[in-house]
Structures are given as C-alpha cells and as structure tokens.
Amino acid sequence: LEGLSITLIHIDRKDIFDTSDPKTDAWFYRWANALHIVSKEDFIRSMLLFKVGDPYSSSAAAESARILRDLGIMNPVEITARRVGDGVEVLVETHDQWTLKIGAKLGIFGNRANYRVDFEEENLLGWGKAVRLAYEADNERTSWSTAYFDPNVFNSRWRVSLLHADLSDGYTDEIVIDRPFYSLATPWTWGVSGLRQEQYDHLYSQSDSVVEGLRKSEKLSIWGGARLPGEGAATRRLVAGWEYRNQQYGDWAWEETGEAYEPPDDRIVSGPRLGYEQIVDRFIVVRGFRAFTVQEDVALGPNFELAAIYSNAFLGGDRRRVLMTGRARAAGQHGRWLVLGDTWFSGRLENGTTHNAVAGIQIGAAQLGDSGLQKRLLAETSNRLDSDRQLPLGADLGLRGWDPDHFDGIGRAVLNLQWRRLRKS
C-alpha cells in the first residue's frame with residue numbers, strides 16, 4: 001500500500017465502556033458514558049500526520065497512533081489500511097479513556113503523608129484540551145493551583161500550557177507556547193517559555209526537615225530548531241536559543257534552633273543554548289509493562305540528546321559558566337522479556353572545575369503479559385552538589401515503605417525485584 005493515494009479516512013470513535021458487553025452494561029457504566037463527551041472527530045483528524053490525497057505511509061500511520069495514545073485520553077488506538085481500487089482507505093479506531101477526575105487522594109510514603117483534592121478534565125468537550133483546579137497539602141506546603149493545556153491550538157500544531165499556583169510559602173506562574181517537533185518528519189520548531197516562582201526549600205537529614213530557606217526563581221527561554229537532512233531511520237535535530245535563569249536565596253536557617261544557615265550562592269545564567277538529539281524510528285507496542293490492559297509505546301532507540309548553555313558577565317550572567325545536560329536510552333525485546341537501559345548526566349563548569357554534577361544509570365527488565373517478574377537497578381553519583389540540592393533515597397524511586405527524604409550521602413542506588421499477576425474476574 002506504500003505510496004498509493006489515500007482516498008478515504010474513516011474515524012471510528014468508541015466510548016469508555018462497551019454497554020453491549022454483559023460485563024459492562026450495568027447502570028454505572030451507562031452513566032459514565034452519558035457523562036463523558038467522546039473525542040471529536042475533527043480533533044482526531046487534526047492530530048493525524050496524513051489527510052485525504054496524501055500518499056499512504058505505514059510509518060506515518062504508526063506514528064499517528066503513537067501521537068494519539070500519548071495524549072493520555074484514548075487507548076487503545078488502531079490505524080489500519082486496505083486497498084480499494086487504485087487507492088487506500090484508512091480506518092482510525094480510538095477508544096476513549098475516563099478523563100474527568102473529581103475527588104481526593106491520600107498518599108503515605110514512610111513518615112510523610114500528602115493529600116490532594118482536585119477537579120481535572122483532560123479532554124474538555126472532546127477537543128483534547130486539559131483544565132485542572134487542585135488543592136494539595138504535604139509536610140512542606142499547601143497550594144491551590146489552576147492549569148490549562150491545549151495540544152493543538154486552532155489545529156495549527158502550536159501548543160499552549162499555563163499554570164498558576166498560590167502556595168502557603170509563595171507562588172508559581174508558568175507559561176509555555178511552542179510549535180514542537182510533533183512528528184519525526186517535522187522540519188522545524190519554535191517556542192518560548194517563562195517561569196516565576198517563590199517558595200521555601202527544605203534540606204533533610206534522616207527523613208527530617210532540618211533546614212529551610214527562601215528561593216526565588218525566574219526563567220525565560222526562547223528557541224528555534226530544525227531537522228537535519230539525512231536518510232535512514234534516524235532523525236537528527238538541532239535546537240538553538242537563549243536561556244536566562246536567575247535564582248536568589250535568603251532567610252536560610254536551622255529549623256530547630258532558628259540559627260542562620262549559610263544559603264546557597266545566588267546564580268544568574270544568561271546566554272546561548274545549543275542542543276542536539278537523535279531519535280531512531282524503532283518503536284514497539286506492548287501490553288503488560290507499566291500497565292496490564294492498555295497499549296504502551298516503547299522506543300527501542302538508541303536515542304540520545306545533548307544540550308549546553310554558555311553564560312558570562314558580558315551576556316548578562318554573573319560569571320562565566322557552561323551548563324551541560326545529556327541523556328541516552330535504548331531498549332530491546334527478547335521473547336517475553338523487555339529490557340531497557342537509561343543513562344544521564346548534568347552539571348556545570350566554572351572556575352575550571354565541575355559543580356552540581358550528577359550522573360546516573362538505570363537498567364530494567366520486565367516479563368510482559370498477565371504475570372511475570374520485573375527488576376530494576378538504578379545508581380546515581382554526584383560531585384560538588386549545590387547546597388540546596390540532595391539525592392534522596394525514597395519512595396519516588398520505587399523503594400516502597402522507605403521515607404522519601406532519607407539522605408545520608410552524595411550518591412544512591414536502588415534495586416527492585418517484584419513479581420506481579422493480573423487477577424481477572
């Protein structure tokens with residue numbers, strides 16, 4: 001079918017529950033479907049990478065399905081094609097997920113408890129837009145937040161993300177407007193983002209907050225990028241822009257005694273940013289990895305990204321610095337086993353030495369299906385960490401039952417091993 005003209009695109013939209021199935025025909029499922037607005041056909045079409053009259057491409061069809069699944073509002077998504085006469089008819093089948101969230105959540109990690117009460121709709125009126133109003137509380141602060149996200153403004157491929165939060169110890173305002181590399185073939189990208197934040201940070205020892213202090217942050221980024229020419233499965237991109245970051249610290253003190261604690265150094269970064277990334281068009285769709293019942297897209301890679309920022313006083317910074325980040329990922333499937341590898345680093349060079357440098361690696365393996373083993377090893381080390389940064393060993397890394405802010409060193413390592421089974425009714 002490759003290269004034949006697309007003569008028809010049919011969109012088959014399925015609601016959350018199939019009420020024709022005796023297992024999901026009770027009143028509860030019917031009410032859920034009645035409250036939910038199925039994703040609009042025009043919205044689904046606007047996210048596809050092809051239209052009627054285009055030559056059919058199986059890779060564009062597969063990537064379109066990944067884009068729809070990545071929205072988090074529909075799964076599974078199937079795109080198939082068949083030849084009709086001298087052309088191709090394409091069938092896009094989508095299955096909506098429940099996207100209206102009204103309720104409360106309580107989490108307990110070691111000796112830390114947090115709760116959240118929120119209203120969130122991730123597919124407003126079926127147009128893929130997300131709105132959120134939430135109240136959250138933990139051992140550090142309480143907050144009210146509102147957020148809005150539009151993944152495709154007026155079908156232009158531009159995105160908008162807005163966030164405002166009132167914190168008990170400050171505030172957060174963030175805006176992102178960009179036209180991303182929405183597909184592997186997208187030739188260019190543009191964007192701008194801004195952040196203003198004020199809050200009290202905490203330093204921990206043996207899971208207890210022992211130091212707190214004020215941090216004020218401002219950030220402005222402007223960028224543009226292009227897909228580099230080249231054939232084959234690898235897509236290579238270059239992104240350049242300007243980055244401004246201003247972090248100011250004050251009122252740092254020991255919580256128990258109130259005595260002054262030396263705050264971190266104020267930092268102003270201003271200068272050009274240059275980034276490079278490679279994405280290989282090798283993806284698989286699996287089930288039973290992170291979730292049992294939905295489709296999950298896994299990039300086999302190898303994929304990697306690198307970025308650097310150069311800042312000095314002439315450009316508006318407070319001193320000469322080079323900030324660097326990098327990440328690489330790869331995966332492979334061997335029978336039922338899915339094996340993944342991930343490595344990363346970040347840090348900066350100033351005065352001829354490295355500062356706030358962190359490097360890590362993670363290796364995982366999982367048996368796909370309704371039951372099986374999962375195992376993972378994560379290790380991370382650091383050098384000359386800034387005094388406001390720690391590497392906690394805790395629940396966010398999957399060490400269940402451990403206090404999330406337990407801290408005793410400048411590195412961490414976690415080994416997880418679990419067996420799990422889907423219990424079918």
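Helices (H or I, at least four residues) and strands (E, at least two) are DSSP runs, numbered from the N terminus. This is a predicted model, in which local features need pLDDT of at least 70, side-chain atom pairs count only at pLDDT 80 or more, and totals for chains, interfaces and linings use all residues. Residues are numbered from 1 along each chain as its sequence is written, and side-chain values use heavy atoms, with hydrogens and water left out.

## Overall fold

The protein chain holds 3 helices and 21 strands. Its radius of gyration is 24 Å, close to the 22 Å from the globule rule for 425 residues, so the chain is as compact as a globular protein of that length. That radius is taken over C-alpha atoms, and the globule rule is 2.2 Å times the number of residues to the power 0.38. The C-alpha trace spans about 80 × 50 × 40 Å along its principal axes.

Buried residues account for 39% of the 425 residues. Here buried means under 20% relative accessible area, exposed means over 50%, and partly exposed lies in between (1.4 Å probe, protein chains only). The chain exposes about 23,200 Å², and carbon and sulfur atoms supply 56% of that area. Accessible areas come from the Shrake-Rupley method with a 1.4 Å probe; for residues, only the protein chains shown count as cover.

Contact means heavy atoms within 4.5 Å. Take the contacts between residues at least 6 apart in sequence: 54% of them join residues at least 24 apart.

## The second largest pocket

Rolling a probe the size of a water molecule over the atoms shows where empty space is left. The work is done on a 1 Å grid over the protein atoms alone. A cavity is a set of points where a 1.4 Å probe fits but cannot get out; a pocket is an open set with protein on both sides within 12 Å along at least five of seven lines. Lining residues have an atom within 4 Å of a point. Grid points are joined across faces, edges and corners, and a volume is the space filled by probe spheres set on the points.

The second largest pocket holds about 940 Å³ of space. It is lined by 35 residues, and those closest to its centre are Gln247, Arg267, Asn356, Asp388 and Arg389. Which strand gives the most to this lining? Strand 10 does, with 7 residues. Strands that each supply at least two lining residues include strand 10 (188-205), strand 11 (208-227), strand 12 (234-254) and strand 13 (267-280). Strand 16 (303-311), strand 17 (321-334) and strand 18 (337-350) also each supply at least two.

The lining divides into 12 nonpolar, 10 polar and 13 charged residues. Ala, Val, Leu, Ile, Met, Phe, Trp, Tyr, Cys and Pro count as nonpolar, Asp, Glu, Lys and Arg as charged, and the others, Gly among them, as polar.

## Backbone exceptions

Most residues other than glycine have a negative phi, and most peptide bonds are trans. The table lists exceptions.

| Site | Feature | Value |
|---|---|---|
| Asn75 to Pro76 | cis peptide bond | omega near 5° |
| Gly301 to Pro302 | cis peptide bond | omega about 5° |
| Asp251 | positive phi | about 60° |
| Asn351 | positive phi | about 55° |

Pro76 sits in strand 2 (residues 74-84). Pro302 lies in the loop between strand 15 (296-299) and strand 16. Asp251 belongs to strand 12 and is exposed, with a relative accessible area of 57%. Asn351 is in the loop between strand 18 and strand 19 (353-367). Asn351 is also exposed, at 64% relative accessible area.

Gly194 is in strand 10. Is Gly194 buried or exposed? Gly194 is buried, with a relative accessible area of 18%. Its C-alpha atom is 4.5 Å from that of Leu220, 26 residues apart along the chain. Leaving aside neighbours within four places in sequence, Gly194 contacts Asp173, Glu174, Ile175 and Lys219.

Phe304 is in strand 16. At 29% relative accessibility, Phe304 is partly exposed. Not counting residues up to four places away in sequence, Phe304 touches Tyr276, Glu277, Gln278, Arg327 and Ala328.

Gln418 is in strand 21 (residues 411-421). Gln418 is partly exposed, at 25% relative accessibility. The C-alpha atoms of Gln418 and Asn356 are separated by 33 Å, and the two are 62 residues apart along the chain. Asn356 is one of the residues closest to the centre of the second largest pocket.
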